[in-house]
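Please read it alongside the sequence and the structure shown below.

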Number of protein chains: 2
Amino acid sequence: MTSATKKVNNAEECDGECGSCSTSDSCSDNRKQQYEQEQKLKLSLSRIKHKIAIISGKGGVGKSTVTANLAMAFAMNGHKDEIGVLDADIHGPCIPKMLGLKGQTLVGGPGGLLFPVTGKLGIKVVSMDFVLPNDEAPVIWRGPLKMRAIQQFLSDVTWGELDYLFIDLPPGTGDESLSIMQLIPDMDGVVIVTMPSEVSQAVVKKAVTFAKQMKVPIIGIVENMSGFVCPECGAKVDIFRTGGGKKIAEGQSVPYLGSIPIDPSICNDSDNGLAFIIENKTSLATKAFTEIVKKIDQFLENTDSHHHKEIKK
Amino acid sequence: MTSATKKVNNAEECDGECGSCSTSDSCSDNRKQQYEQEQKLKLSLSRIKHKIAIISGKGGVGKSTVTANLAMAFAMNGHKDEIGVLDADIHGPCIPKMLGLKGQTLVGGPGGLLFPVTGKLGIKVVSMDFVLPNDEAPVIWRGPLKMRAIQQFLSDVTWGELDYLFIDLPPGTGDESLSIMQLIPDMDGVVIVTMPSEVSQAVVKKAVTFAKQMKVPIIGIVENMSGFVCPECGAKVDIFRTGGGKKIAEGQSVPYLGSIPIDPSICNDSDNGLAFIIENKTSLATKAFTEIVKKIDQFLENTDSHHHKEIKK
């Protein structure tokens, strides 16, 4: 059927493809609105080269810290002004605090568009925190509202041309994680963050299965808070044990990206809105993190060259 | 209207109160099923003297550890066989592992009833973990299904007569937390667990507001992972800083219950299904925890005597 043969507002003949319908201007069908939203989302996503989600099974394993520092690392390494961070944790958004952007707000533009907040090295950030009146305000929302918020953060925000978008997901495999995976079908992959404890391991396995079921490539597992070296006497204390992340990676046949030791300066820097990899260049944690960044970079290069090969075929 | 005047299956005259309707036996209205569920829930809850939820803003602050050890502490102090723990974290249930009950399953009884798993000191436990086939299986559910699961864990489980039910909620103020608060209108109160870092503080404020908005009494705030003493040299290292919990409590005019220092044996014991307060009786963490238990006990006694006074009036 060509667009010329389509009838105005004829629900029976509507295929939801307003782009090829000559009468869409005068149409008031709900599907039109939905179609326009989808088109906006597609356009927004098509301008972002790489999308990477950072997930975990359990909360509090340092997912936001890893996300914030990944963004800074990529921005420093040739991608200034080309990095975005979507804080998809609706109930407990931490990214603004960690990137030194507390107190900023999303500014609206024409046509209902929103501008992300821009931080150091031109990193563009969107977070629920930027639309809440204060820290005390909880977001007491059930699933469907959260899905809608995340969709808007992707489609109604003028992210512009980006090399990388890092998405910080809340723990678990609930509404937010599902929404993100469904909204971004061309996700490059997920980085799974865990703690070494056995309790965390049991939960991170679920995250691995979740990614596999969603058919999203797993870039690898990062073990955070892995061992502690006393700054006074140099004694090594395994506060949350060590090795759990690697064990899971091997058991689940998933790449292991590395382990980041516990370092009090990581917490201090996060609280002060600083990236520990910049503030503590010689620390063991920074060295470990640099190795992890290299592996992620490698993964993406391989996907890129694979893509190029696919296109050449 | 007396029950005798009610008509059979007359939707217009139905007031949803099947208990006072003489024809409810032959009724097939949806409301009947709903009414029966509500009655089951009420009956189940009426047999539990105290219901206490353990909540947090951010994940990974040790909420499940606090819940498990609270249950053990109360069981040891005169409430053997009278304690229940509901693990309401659908996506990342940790309680079974921490109470040494991994691999157990909920057993069904007549009429669709479920029996909780019974652990040490007769503690009755219900968790999503007991119905999952293995650790790898993620629960990829949106909100409404989670609400239903939690409702069943309360109404369809034969908890029996209990002195205390401790409910371990997932982080955040989403579906699970909302559901629990709505399902248990006579909740004694919530214990809010946090970490000292500023990032955690920003999020825990939301939990405080959430409880206030839900009109649930706040028993108090616990600061977990508060400072670390090197076991080798005795140096005090504030890995995640200290004092944040107290600051929040004062700022929000909420009782402060105490702070639990970081102790590697807490992680070890949790991983091995042991309660650290039993395994490490002389540790600083156990001493701190004992003080917290006392304060919670005091809060409940005050509510009890207040209740008695109210009844006497």
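Copies are superposed by least squares on the C-alpha atoms of residues with pLDDT of at least 70 in both. The model is predicted. In it, chain B is brought onto chain A by a rotation of 180 degrees with 0.0 Å of shift along the axis, at an RMSD of 0.1 Å.

**Chain relation**
- The same surface serves both copies, as 100% of the contact residues of chain B recur in chain A.

**Nonpolar core**
- The largest nonpolar core comprises 186 residues, and those with the most contacts inside it are A:Ile167, A:Ile180, B:Ile167 and B:Ile180.
- Beyond its neighbours within four places in sequence, A:Ile167 is in contact with residues including A:Ile52, A:Ile54, A:Leu86, A:Ile180 and A:Met187.

**Aromatic pairs**
- Over all chains, a search of the whole structure finds 9 aromatic pairs.
- A:Phe74 and A:Tyr164 form a tilted pair, with 4.7 Å centre to centre and 50 degrees between the planes.
- This pair links distant parts of chain A: A:Phe74 lies in helix H2 (residues 63-76) and A:Tyr164 in strand E7 (residues 162-168), 90 residues apart.
- A:Phe74 is buried, with a relative accessible area of 3%, and A:Tyr164 is buried at 6%.
- A:Phe228 and B:Phe228 form an edge-to-face pair, with 5.3 Å centre to centre and 90 degrees between the planes.
- A:Phe228 belongs to strand E10 of chain A and B:Phe228 to strand E10 of chain B, so the pair joins two chains.
- A:Phe228 and B:Phe228 are both buried.
- One aromatic cluster is formed by A:Phe74, A:Tyr164 and A:Phe166.

Definitions and conventions
Residues are numbered from 1 along each chain as its sequence is written. Chains are lettered from A and ligands numbered from 1 in the order in which they are written. This is a predicted model: local features need pLDDT of at least 70, side-chain atom pairs count only at pLDDT 80 or more; totals for chains, interfaces and linings use all residues. Side-chain values use heavy atoms; hydrogens and water are left out. A nonpolar core is a set of buried Ala, Val, Leu, Ile, Met, Phe, Trp, Tyr and Cys residues joined through side-chain atoms within 4.5 Å. Buried means under 20% relative accessible area, exposed over 50%, partly exposed in between (1.4 Å probe, protein chains only). Contact means heavy atoms within 4.5 Å. Rings of Phe, Tyr and Trp (its six-membered ring) pair if their centres lie within 6.5 Å; planes under 30 degrees apart count as stacked, over 60 as edge-to-face and the rest as tilted. Helices (H or I, at least four residues) and strands (E, at least two) are DSSP runs, numbered from the N terminus.
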